[in-house]
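Morning, everyone. I have one model to walk through today. Please bring it up on your screens.

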Amino acid sequence: MKRWFVIIILAVSQFVMVLDSTVMNVSISQVASDLDTTITGMQAAITFYTLTMAAFMLTGGKLGDKWGRSRAFKIGSVIYGLGSLLTALSPNLPMLLFGWSLVEGLGAVLVIPAIAALAAVNYSGKARVAAFSILGAVTGLAAAAGPLIGGLVTTYASWRYVFVAETIVMIVVLIFSGRIKDVPANPGVKIDILSVILSASGMALLVFGVLQSKTWGWFVPLNPPVINGVEIAPLGISPVTYLILIGIVVLWWFVQRQRKLVEKGRMPLLKVSLFRIAALRSGLSGFLVQYFAIAALFFVIPVYLQTMQGYDALETGLKILPLSAGLILFSVLGSWLTSRRSARRIAQLGQVTMAIGLLFVLVSIQPQLAGWPFAVGMFIVGAGFGLLASQLGNVNMSAVEKDDTSEVGGLQGTFQNLGSSFGTAIVGSMFILLLASSFGAAVATNEAVDADTQQQVSVYLEKGVPIISQDQAEQLIVDAGGSEEVAKAIAQDYADSQVGALKQAIFIVFALMVLSLLLSRNLPAEIVAKSEAVEEDVVT
């Protein structure tokens, strides 16, 4: 048991890192109500939390090299605990954005790369495979248990207590973190500030552009920002298009900057040469797609259940519970299969399994998320996630030399959180855009709705469509002076549009999972031999 003490500390930290974003998802309606904000405001908070981690994860990895992974882990734990406390005390959305999206995110960028690097330092051989399998399983467990924990605490107490508990857990982790072994720090590590700015701003521009697509439109401007009475839509094109293009250019500049630093003999923020390693490319892209899918699912499903079906946080968590069961069982199975099947075979099985599960979820939307098809679908999605989680962390770390493990830990966290950011931003925004377009079309062709009301709805939708329940939509029409008959007709159109938008949003995730099979072809095809094992277990 003594030799596994380190991985227990690291796994507890990993659990906390993953837990609170899933808690926030399942408690989204209650948090929005408590902070007097909207679902789209919460979408922004969730997106910016993962964006902060994605944008600064590489820097966090470098600081781990400079300070030592153990020291970075401790400093990050302090910052993260402080952010959790600020989150628990947040009176409004701006404070939530500061305490959760920013402060917690910055703490996480120090802790997450250090977790991966310290696991690689403290274990080797089959023990390292087991350690990363444990971390993968704990990641999945936290993602799965988060909705249930969040639902239970939110329904019977308050979501704030989850973040108070996180603060306490991080204090305990700090107390015991002195027993974690580390390699010597390297004070000579230089961090190129321009590289930090380029990587962070490039990702921020991309994600912010995608997030605003629901309001401003992707290419054709829908409701662009107005400054001094002038709409900002150069050449009649949405600002979103420009933000995405500029973000791509900035990231290209970042890559070129890294190459020039290497040519000059200076230390880059990222060794772009690492991307020449085929197994690492596949492992990182697998992380990106895996977390894109889960983040998207964990946003649109709770929103739909709570706004349209009237579920509370606990009922939402219980509805998602089959995913938790599948994830836990198949994380264990994936770890067991490591010495019997190749990482490529297990990962591809996981991708196919997730895609099949998403099909079941699609079939279950009727508009209620029908009993057994939805439960089976969520279980299968969880099973696929578990298989992937059991493999990709070890694949990424095993693809590089020990000196590069901290950098790969940062890269892994970057791709994981960038996937989550894009999942929430893209699929969430597409859900809202599809809802608006479908609702507008339905009202325009509804014979029970007069022309004047159709025009009013059209003008209202130009400012964006709110995510509310069918009853709330009906009441809004009545409050605006509409008749009961017209209100019922429009509210029914709105409900039907939400069902259609949910199906289309989940289909986007399904299509991406199918395409992700092409990205896994470079994962290791060799089976980890059982005999490798027993050669080295723990670094002493």
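**Helix packing, the core and a few residues**

Start with two helices, α1, residues 5-26, and α10, residues 278-307. They pack with their axes 8 Å apart, at an angle of about 30 degrees. So α1 runs roughly parallel to α10, given that angles under 35 degrees count as roughly parallel. Keep in mind that this is a predicted model.

Who makes that contact? From α1, we have Thr22, Asn25 and Val26. From α10, we have Phe298, Phe299, Pro302 and Gln306. Sort the residues in the contact of α1 with α10 by class, and you get 4 nonpolar, 3 polar and no charged.

Let me stay on Asn25 for a moment. Asn25 sits in helix α1. Is Asn25 buried or exposed? Its relative accessibility is 6%, so Asn25 counts as buried, the cut-off for buried being under 20%. Now set aside the neighbours within four places in sequence. Asn25 then contacts Ile46, Phe298, Phe299 and Pro302. Phe298, Phe299 and Pro302 belong to the α10 side of the helix contact.

Next, α1 against α4. Helix α4 covers residues 69-88. The axes of α1 and α4 come within 12 Å, and they cross at roughly 30 degrees. Therefore α1 and α4 are roughly parallel to each other too. The crossing of α1 past α4 is left-handed.

Which residues meet there? On α1, they are Leu10, Ser13, Val16, Met17, Asp20 and Met24. On α4, they are Phe73, Tyr80 and Thr87. By class, the contact of α1 with α4 holds 6 nonpolar, 2 polar and 1 charged residues.

Leu10 takes us to the core. The largest nonpolar core has 148 residues. Leu10, Ile301 and Ile506 have the most contacts inside this core. Which helix gives the most to the core? That is α10, with 17 residues.

Look at Ile301 in more detail. Leave out residues up to four places away in sequence. Ile301 touches Val361, Leu369, Phe374, Leu502 and Ile506. Ile506 is itself among the residues with the most contacts in the core.

Now over to Thr52. Thr52 lies in helix α3, residues 39-67. The relative accessible area of Thr52 is 11%, so this residue is buried. What does Thr52 contact, leaving aside neighbours within four places in sequence? The list is Ser101, Leu102, Gly105, Leu106 and Val109. Thr52 and Asn417 are 365 residues apart along the chain, yet their C-alpha atoms are separated by 8.5 Å.

Last topic, backbone. Most residues other than glycine have a negative phi. Here are two with a positive value.

Asp36 has phi near 55 degrees. Asp36 is in the loop between α2, 28-34, and α3. With a relative accessible area of 72%, Asp36 is exposed.

Leu235 has phi near 60 degrees. Leu235 is placed in the loop between β2, 230-231, and α9, 239-263. Buried or exposed, for Leu235? Relative accessibility is 79%, so Leu235 counts as exposed, with over 50% as the cut-off.

To recap. α1 is roughly parallel to α10 and roughly parallel to α4. Asn25 is buried, and Thr52 is buried. Asp36 is exposed, and Leu235 counts as exposed. That's my part.

Key: Residues numbered from 1 in each chain as written. Predicted model: local features only at pLDDT ≥ 70, side-chain atom pairs only at ≥ 80, totals over all residues. Heavy atoms only, no water. Helix = DSSP H or I, 4+ residues; strand = E, 2+ residues; numbered from the N terminus. Buried < 20%, exposed > 50% of the residue type's maximum accessible area, 1.4 Å probe, protein only. Contact = heavy atoms within 4.5 Å. Axes fitted to C-alpha atoms, helices over the stretch in contact; angles between N-to-C directions. Parallel < 35°, antiparallel > 145°, perpendicular 65-115°, else oblique. Nonpolar A, V, L, I, M, F, W, Y, C, P; charged D, E, K, R; others polar. Core = buried A, V, L, I, M, F, W, Y, C linked by side-chain atoms within 4.5 Å. Left-handed = near helix turned anticlockwise from the far one by under 90°.
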